[in-house]
Amino acid sequence: MAPESRFDCAGDRVLSQRECEERGCCYTPLPNSGGPPWCFYPRSYSGYKMGPLTPTPRGQAATLMRPSPSYLPRDISTLSLEVMDETAGRLHLTLKDPSSQRYEVQLPAGKPGNNADTQDTQYTTEFHPDPFGFIVRRKSSGSVIMNTTVAPLLFADQYLQLSTTLASSLVSGLGEHYTSLRLDLNWTSLTLWNQDMAPRANTNLYGSHPFYIVQEEDGLAHGVFLLNSNAMEVTLQPTPALTWVAIGGILDLYIFLGPDPQSVVRQYLQVIGYPMMPPYWSLGFHLCRWGYTTTNATREVAQRMHNANFPLDVQWNDLDYADKRRVFTFDPWRFRDLPEMVEEFHQKGMKYILILDPGISSTSPPGTYPAFDDGLKRDVFIKNATGQTLIGKVWPGPTAFPDFTNPETRLWWEDCITEFHSKVPVDGLWIDMNEPANFVQGSVEGCPDSDLENPPYTPRVVGGQLNSGTLCMSAQQRLSTHYNLHNVYGLTEASATHSALVKVRRKRPFVLSRSSFPGIGRVSGVWTGDVRSNWEQLRYSIPAVLQFSLYGVPLVGADVCGFEGDTTEELCVRWMQLGAFYPFMRNHNDRTNAPQEPYVFGQQAQAAMRSALNLRYSLLPFLYTLFYHAHTSADTVARPLFMEFPTDPNCQTIDRQFLWGNSLLISPVLEQGAVELAAYLPSGTWYSLHNGQPFYSKGQYLLLPAALDTINVHVREGHIIPQQEPALTTTASRRNPFLLTVALSAGGWAWGDLFWDDGDSLDSLETGNYCYVIFIAGQSQVVSDPLRLNGALDDLVLGELRVLGVPSPPRYVWANGVKVRDFTYRTDTKALTVTSLALPMSEVFTVQWTL
């Protein structure tokens with residue numbers, strides 16, 4: 001057997017040659033370690049035997065029996081297999097223990113499968129009865145999507161293993177990890193276990209997303225999702241193949257057939273939920289720091305931003321605001337006028353957000369801290385193995401941890417938020433430390449010695465033990481043990497926080513979470529945690545953001561300029577330029593570092609940052625429209641190039657550039673000292689958003705100038721981008737005139753759209769309370785067509801039109817039949833600009849030009 005085709009028979013522990021051979025496996029040492037396994041399964045290794053498939057209401061079922069036990073402790077010898085053809089492009093298989101109920105992740109109901117007719121499916125499924133395995137093929141091409149016959153299925157109480165071949169080496173996903181967009185398959189392993197761990201290579205981070213997408217030949221793609229919240233390790237090998245190992249739960253497997261990458265993500269989101277619609281203001285600029293120690297220091301930051309003409313929508317506070325670092329309180333001295341400060345921000349058209357950690361201080365004198373007293377009374381906290389409240393340690397000292405799987409906890413959480421909001425009318429909540437993080441191992445009293453704390457096999461987690469930096473695994477929650485529920489802790493907190501904000505504010509909620517699990521995008525945005533202020537972390541923030549796009553979390557960004565360590569002026573300028581194109585843009589900094597608010601830098605750097613922020617603000621109508629499509633159609637906002645150009649082999653691994661939607665290409669500078677940049681332009685015409693200059697690409701890299709004040713953004717031919725004059729807040733910018741940038745195709749056509757509502761209402765989509773306008777360009781004219789109106793665009797006008805790719809100077813321009821004097825044409829870039837317009841956005845308008 002070729003070394004790269006070996007599947008590890010010693011995945012659970014290191015084995016000697018004798019122990020390996022006792023398992024019935026082959027043992028062949030290789031010159032160096034770290035590559036292929038020395039102990040590996042022979043081609044046909046005994047396993048489960050599959051009985052006949054019989055029909056069930058949801059599909060087909062069969063029983064799997066193991067004639068002899070495997071080498072694992074507490075092996076489960078009988079399994080039930082259910083196979084469901086849920087839709088033409090979605091296959092669902094489950095493997096469970098029929099004799100005892102094991103923990104299963106319950107996602108909120110997604111879009112149901114309707115038992116697809118096998119004639120219509122995009123796939124065929126073939127079962128091998130002995131030893132059991134299955135092969136899934138794509139009907140159209142015959143390519144093998146999954147083949148699990150290459151290694152045995154193992155299913156013990158605390159060790160579930162399934163291997164499969166991969167259709168190609170182009171695999172993305174399996175987050176959250178500090179990786180490029182394309183995963184390294186050279187005998188690597190990825191651990192999925194939510195941990196308070198600053199982004200670095202080869203370690204488990206804050207979130208777990210057991211989903212991957214594979215780019216096949218010919219621009220096709222498929223995805224696989226293992227719905228399991230236990231600690232997990234995924235081994236990747238150059239065969240290409242991978243092996244899932246989960247240490248609990250069941251095997252609940254979804255296979256998405258696409259056939260293109262965007263369809264794969266849509267099919268995945270039909271299972272885990274489409275993303276929420278964010279409030280418009282949350283797409284503005286956010287500013288935060290741990291170390292704004294008083295209300296006056298916080299006020300001064302916001303004031304200096306606006307004094308220096310930097311847009312700022314949302315001012316934040318880290319834990320500085322809290323009395324003795326206890327959540328749901330504010331410091332009676334340093335933040336005594338916090339309610340007034342928040343009111344002042346509101347008067348200025350700004351919003352305010354503060355941090356909310358889940359740990360509830362347990363050492364305040366009884367009767368003095370309602371969050372804890374009331375929580376004890378209502379029995380909302382996680383218990384230890386003997387049934388007492390589990391006490392850990394976080395910022396305020398000893399703390400108890402709410403159990404968000406208990407419905408009473410959700411009500412208590414809502415009451416705490418309601419009570420706090422009645423004093424401090426925050427506009428959103430930032431939920432940090434929700435892996436959950438704990439500064440002691442397990443609890444202040446340690447953890448019992450048990451199979452949950454020390455399972456037969458522990459994936460390679462930071463700290464070596466599952467309870468390192470978090471709670472005891474034997475801790476009891478309403479739904480199950482923390483061993484089973486750990487990876488969904490942040491998701492359950494985000495869901496409780498989202499619904500509390502809906503009730504309290506009666507407006508669209510904003511929640512930002514650090515920990516994540518599939519489905520979090522329905523209720524929250526995510527940021528990528530404690531990134532360092534350096535060039536490498538700047539660069540790796542792009543694949544991080546793009547991967548969250550694949551996971552159904554479009555509202556995502558990294559801390560602009562970096563959180564840990566001192567930034568530099570040049571790094572911060574480049575990070576502000578890239579950050580202007582994170583879907584969520586927040587500059588956040590740690591206490592001990594040099595300041596990095598935009599106004600602290602030199603004039604040249606400030607001008608570059610101001611220009612990046614103004615560019616972002618001008619594009620917010622376009623960005624908001626992309627979020628509308630994400631919310632209603634599961635489109636991606638920040639989009640990898642391979643998703644939009646799946647048949648272009650050059651796009652398969654690009655993760656230094658990315659798209660907004662299908663029409664804006666962002667090519668940031670990611671290297672210190674760079675003043676030019678090699679950017680890939682897929683085949684077609686691309687226009688510089690800055691000056692309209694056309695680039696006619698055959699699908700090639702071009703060397704673009706990129707001085708410190710420049711971020712290269714290109715508009716794709718055939719698209720119309722709705723923009724608006726920027727302002728210092730979205731409250732102000734939303735009243736400004738619109739601008740359309742029209743990028744004509746070679747045939748002189750273009751299309752674009754605009755979604756617009758009040759930006760804050762809960763059910764504007766469900767109740768149809770919004771405007772939707774399409775713009776069409778062709779035959780030397782641009783026409784608007786309002787398909788739905790609700791009054792939100794009344795009093796708003798189109799002030800300017802830029803048409804890129806007009807072949808020769810127009811002689812005349814008409815707006816709604818009236819001749820326009822204010823227009824210019826540049827022969828070098830072939831760009832027509834029409835200014836001084838005042839065309840009502842809520843009515844049909846036509847702008848024509850004659851050549």
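How much accessible surface does the protein chain have, and what share of it belongs to carbon and sulfur atoms?

1. The accessible surface of the protein chain is about 29,700 Å², and 50% of this belongs to carbon and sulfur atoms. Accessible areas here come from the Shrake-Rupley method with a 1.4 Å probe, and for residues only the protein chains shown count as cover.

2. A word on the basis: this is a predicted model, where local features need pLDDT of at least 70, side-chain atom pairs count only at pLDDT 80 or more, and totals for chains, interfaces and linings use all residues. Residues are numbered from 1 along each chain as its sequence is written, and side-chain values use heavy atoms, with hydrogens and water left out.

3. Now the overall form. Along the principal axes, the C-alpha atoms fill a box of roughly 90 × 70 × 55 Å. Of the 851 residues, 63% count as buried (under 20% relative accessible area; exposed is over 50%, partly exposed in between, with a 1.4 Å probe and protein chains only).

4. The protein chain holds 14 helices and 51 strands (DSSP runs numbered from the N terminus: helices are H or I with at least four residues, strands E with at least two).

5. Ile391 has Ala400 in strand 25 as its bridge partner.

6. Please also visit Gln195, in the loop between strand 14 (188–192) and strand 15 (209–215). Gln195 is buried because its relative accessible area is 6%. Leaving aside residues up to four places away in sequence, Gln195 touches Asn204, Leu205, Tyr206, Glu435, Val461, Val462 and Ser468 (contact means heavy atoms within 4.5 Å).

7. Finally, Trp751 lies in strand 42 (residues 750–756). Trp751 counts as partly exposed because its relative accessibility is 40%.

Definitions and conventions: Two strands pair if DSSP finds at least two bridges between them.
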